[in-house]
Amino acid sequence: MVYVGMDHGTTGISFAIMNDDKVLEVFKISREDSKAGRVSAIEELSKRIDLDDIDLMIMTYAMGDGISTILPIEKVNNRGILSINGAGKVTGGGTSVYGEIEKTDIPVLMIPGLHKDCDWLDPLFRAAYSHHASPEKVSIVYNAYLETNWENMIVGDISSNSVDLLVEDGKLIAAVDACCGAMGVVHGPLDLEMIRDIDEGRKSANECFSHAGAVKIANIDNKVAFMKDDLLKAYENKEERAILAIDTMIMTVAMEIAGLIAVSKNPIDGIVLTGSMGSMKEPVDFEAKLNKYLKNKYEIRIISSESGAIGAAQIARDIFNGKREIMGIKVDY
């Protein structure tokens, strides 16, 4: 049996291949290469496995705000999104991969994002926010759940953007998206100065959102794929703005996690960190810096920075073997 998971990430598209027992391989292609036709996702997948051997594939795409259950790709309209506008940097690479996969005979299911039309979310969060998290966060949380067996936890995915999610009684019930809460490396919430820039026509909302993370503080402006490396290089060189930027980002993540802990109905079992920044130990020990704010009160586990793709493959495996609900989300299969 072979299962594939796809994580439609900010800087690239990751794939995990696994059997019933273990992950066999994880690989990543850049959005820019996919869009330009330099790399074919299907060709890369074919190099590693016979496509006819794939029993089920789970795919994530963009905001996932057009669907609210896990659905076969043939039942999904408009790639499962309401609009691509206002969703951060758009390159078209993910769309190219979607189109490639859609043309194959691979059995594919798509995961929804977390948004106001998901009746399985906490009604208070649905009332507060139109959008909470994109679909790969579901697979990240599933991987965290299988790694820890924690029924009540906070999962922090910290990378280009930062999204923290709340699990209660084994169900994913709430999250705070990058445009509303903590900073990531690239994306972050829009503050008053940015709102004024938008109102006065100096920048679009999307331009502000895509420069509202730690890069705003460090005065870094580059392609999304390079911003993290630019920031970390400046941090290693002990540049004052870079140190301030990363320390500020971690502080905002701590505030968001503490806020979710405060509103959780149950005591949490622990906190799971992932993402390129959340799982990092060098040159930034993210866990240690975060723990200073949380006063070492909670157990913290770090899972693979490729947890989005791995969790998607695990979802594919478990649905194929009969599971019809994933972290509270219904499955149509």
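This note sets out numbered points on a predicted model of a protein.

1. Overall build. The secondary structure of the protein amounts to 13 helices and 15 strands. Its radius of gyration is 19 Å, close to the 20 Å that the globule rule gives for 333 residues, so the protein is as compact as a globular protein of that length. The C-alpha trace spans about 55 × 45 × 35 Å along the principal axes.

2. Of the 333 residues in the protein, 56% are buried. Among contacts with a separation of 6 or more, 65% come from residues 24 or more positions apart.

3. Surface and charge. The accessible surface of the protein is about 14,300 Å², and carbon and sulfur atoms account for 47% of this area. The side chains include 35 positive and 51 negative ones, and the centres of these two sets lie 4 Å apart.

4. The pair Tyr-61 and Tyr-98. The structure contains four aromatic pairs. In one of them, the ring centres of Tyr-61 and Tyr-98 are 5.2 Å apart and the planes stand at 65°, so the pair is edge-to-face, because planes over 60 degrees apart are classed in that way.

5. Tyr-129, at 28% relative accessibility, counts as partly exposed.

6. Asp-122. This residue is placed in the loop between β7 (114–115) and α4 (123–128). Its relative accessibility is 11%, so Asp-122 counts as buried. When residues up to four places away in sequence are set aside, Asp-122 touches Ile-173 and Lys-265.

7. Asp-169. The loop between β10 (162–168) and β11 (171–176) holds Asp-169. With a relative accessibility of 52%, Asp-169 counts as exposed, since that class begins over 50%. Beyond residues up to four places away in sequence, Asp-169 touches Glu-151, Asn-152 and Asn-266. For Asp-169 and Asn-266, the C-alpha to C-alpha distance in space is 8.2 Å, while the two residues are 97 residues apart in sequence.

8. Asp-318. This residue lies in helix α13 (residues 307–320). A relative accessibility of 16% means that Asp-318 counts as buried. Leaving out neighbours within four places in sequence, Asp-318 is in contact with Tyr-142, Leu-146 and Lys-323.

9. Cis peptide bond. The peptide bond from Glu-282 to Pro-283 is cis, and its omega is near 0°. Pro-283 is located in the loop between α11 (275–278) and α12 (286–294).

10. Positive phi at Asn-78. Although Asn-78 is not a glycine, its phi is positive, at about 50°. Asn-78 sits in the loop between β5 and α3. At 47% relative accessibility, Asn-78 counts as partly exposed.

11. Positive phi at Asn-149. Asn-149 is likewise not a glycine and has a positive phi, of about 65°. Its place is the loop between α5 (136–148) and β9 (153–158). The relative accessible area of Asn-149 is 61%, so this residue is exposed.

12. Points for a reader to check in the model. Which peptide bond is cis? The bond in question runs from Glu-282 to Pro-283. Which residues does Asp-122 touch, not counting residues up to four places away in sequence? These are Ile-173 and Lys-265. Is Asp-169 buried or exposed? Asp-169 counts as exposed at 52% relative accessibility.

Technical notes:
Residues numbered from 1 in each chain as written. Predicted model: local features only at pLDDT ≥ 70, side-chain atom pairs only at ≥ 80, totals over all residues. Heavy atoms only, no water. Helix = DSSP H or I, 4+ residues; strand = E, 2+ residues; numbered from the N terminus. Rg over C-alpha atoms; globule rule 2.2 N^0.38 Å. Buried < 20%, exposed > 50% of the residue type's maximum accessible area, 1.4 Å probe, protein only. Contact = heavy atoms within 4.5 Å. Areas by Shrake-Rupley, 256 points an atom, 1.4 Å probe, with all protein chains shown as cover. Lys, Arg positive; Asp, Glu negative; His and termini not counted. Charge placed at Lys NZ, Arg CZ, Asp CG, Glu CD. Phe/Tyr/Trp six-rings, centres within 6.5 Å; stacked < 30°, edge-to-face > 60°.
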